[in-house]
Amino acid sequence: MTVHSKLNVLVTRDLPGDAISRLRERLQVDLPSPDEEIGHGRLVEHIVDKQGLLCLLTDRVDAEVLANAPLLKVISVCAVGYNNVDAEEATRRGILITNTPGVLRETTADLAWALLLAAARRIPDGDRMVRSGGFAGWSPSLLLGHEVHGKTLGIIGMGDIGTAVARRAAGFGMRILYHNRNPSSLAAEVGAEMVSLDHLLSNADFVSLHVPLIQSTHHLIGKRELDMMKPTAILINVSRGEVIDEVALVEALKMDRIAGAGLDVFENEPKLAPGLVGLKNVVLTPHIGSASFETRERMANMAVQNLLVGLECGRPQHLVNPEAFHG
Ligand code: GLV
């Protein structure tokens, strides 16, 4: 593939593997040094002479950035979720947006499953107890948790990752309910039943969120929804923090209105809602859904490939705004 060597791209952070070195062989790459602050201000300032941007989900590519990017042709997001980009404004300006779907599906589903098991079987509590010398020997009522096998899992958002979680649940002999905008063609494969959101919330023992963050999914789970869940239910979120009203969740967990939660994402990441860290019935991880060596390298390669194809005026395979492409 040949891309004109004078094209300039901004890469907001170095990525695992050698994808960025390959980019450097073809393009002028502006990459901050490891000790340089990577803030919105830098993005606004450095985007001005760039044709391409390779960014992360933490980079806010808003109207201010886009207004300062007269040459920008492609925004390659190294993530499946691209809610960090003002897609409407980018599309209006004819800028292609790409993401990295598929390659992180199984890895993210693995983490959802790990959180589900950890929250249900109180693995962090047990780990803390053993480390702190608090394990005084086997006891009949020590750290009782909730069974997973044979229970009902409710999946909200039966896309790629939701379906991969459902496959894991099938292996645990679980009944699977799902709620989605459209019936999923993969649901039959895992024996999942499509139901309304309210039915799912009031019947599931585990509720796992796999929706993209869009206007209609912001605070999809708030006080009303938490109140509908069983007092023994556990909520899992590996999608986006803003899908849950985190203040309402803290309140529900504090009052034992639900049994627990496993959260990899937070509403105001990396800040947490007041009271969340003090709760015993929640397992917290720092947005590491796709964080395996293999997957992060695959994501970097895909993001670079998307960027190169777009800059070559081709149609990138993972284009999310086809209406901006005029091949
Ligand atoms: C991770 O959260 C992603 O969207 O890739």
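Modeller: Buried means under 20% relative accessible area, exposed over 50% and partly exposed in between, with a 1.4 Å probe and protein chains only. This is a predicted model, in which local features need pLDDT of at least 70 and side-chain atom pairs 80 or more, while totals for chains, interfaces and linings use all residues. Residues are numbered from 1 along each chain as its sequence is written, and side-chain values use heavy atoms, without hydrogens and water.

Colleague: Why is Leu311 called buried?

Modeller: Its relative accessible area is 5%, which falls under the 20% limit, so Leu311 counts as buried. Leu311 is found in helix H12 (residues 293–311), where helices (H or I, at least four residues) and strands (E, at least two) are DSSP runs numbered from the N terminus.

Colleague: What makes Trp113 and Phe172 an aromatic pair, and of which kind?

Modeller: Their ring centres are 5.1 Å apart, and rings of Phe, Tyr and Trp (its six-membered ring) pair within 6.5 Å. The planes make 65°; under 30 degrees would be stacked, over 60 is edge-to-face and the rest is tilted, so this pair is edge-to-face. The structure holds one aromatic pair. Trp113 sits in helix H5 (residues 105–120) and Phe172 in the loop between helix H7 (160–171) and strand S7 (175–179), 59 residues apart.

Colleague: How do you know whether H5 is parallel, perpendicular or oblique to H7?

Modeller: Their axes, lines fitted to C-alpha atoms over the stretch in contact, with angles from 0 to 180 degrees between N-to-C directions, come within 8 Å and cross at roughly 55°. Under 35 degrees is roughly parallel, over 145 roughly antiparallel, 65 to 115 roughly perpendicular and the rest oblique, so H5 is oblique to H7. Contact means heavy atoms within 4.5 Å; residues of H5 including Ala109, Ala112 and Trp113 meet residues of H7, among them Ile161, Ala164 and Val165. The residues of this contact divide into seven nonpolar, one polar and six charged.

Colleague: Why are H1 and H12 called roughly parallel?

Modeller: The axes of helix H1 (residues 19–26) and H12 cross at roughly 20° and come within 9 Å. That angle is under 35 degrees, so the two are roughly parallel. H1 contributes Ala19, Ile20, Arg22, Leu23 and Arg26, which meet Ala300, Asn301, Val304, Leu307 and Leu308 in H12.

Colleague: How do you know whether the peptide bond from Glu269 to Pro270 is cis or trans?

Modeller: Its omega is near 0°, and the bond is cis. Most peptide bonds are trans. Pro270 is in the loop between strand S11 (260–263) and strand S12 (282–284).

Terms used: Ala, Val, Leu, Ile, Met, Phe, Trp, Tyr, Cys and Pro count as nonpolar, Asp, Glu, Lys and Arg as charged, and the others, Gly among them, as polar.
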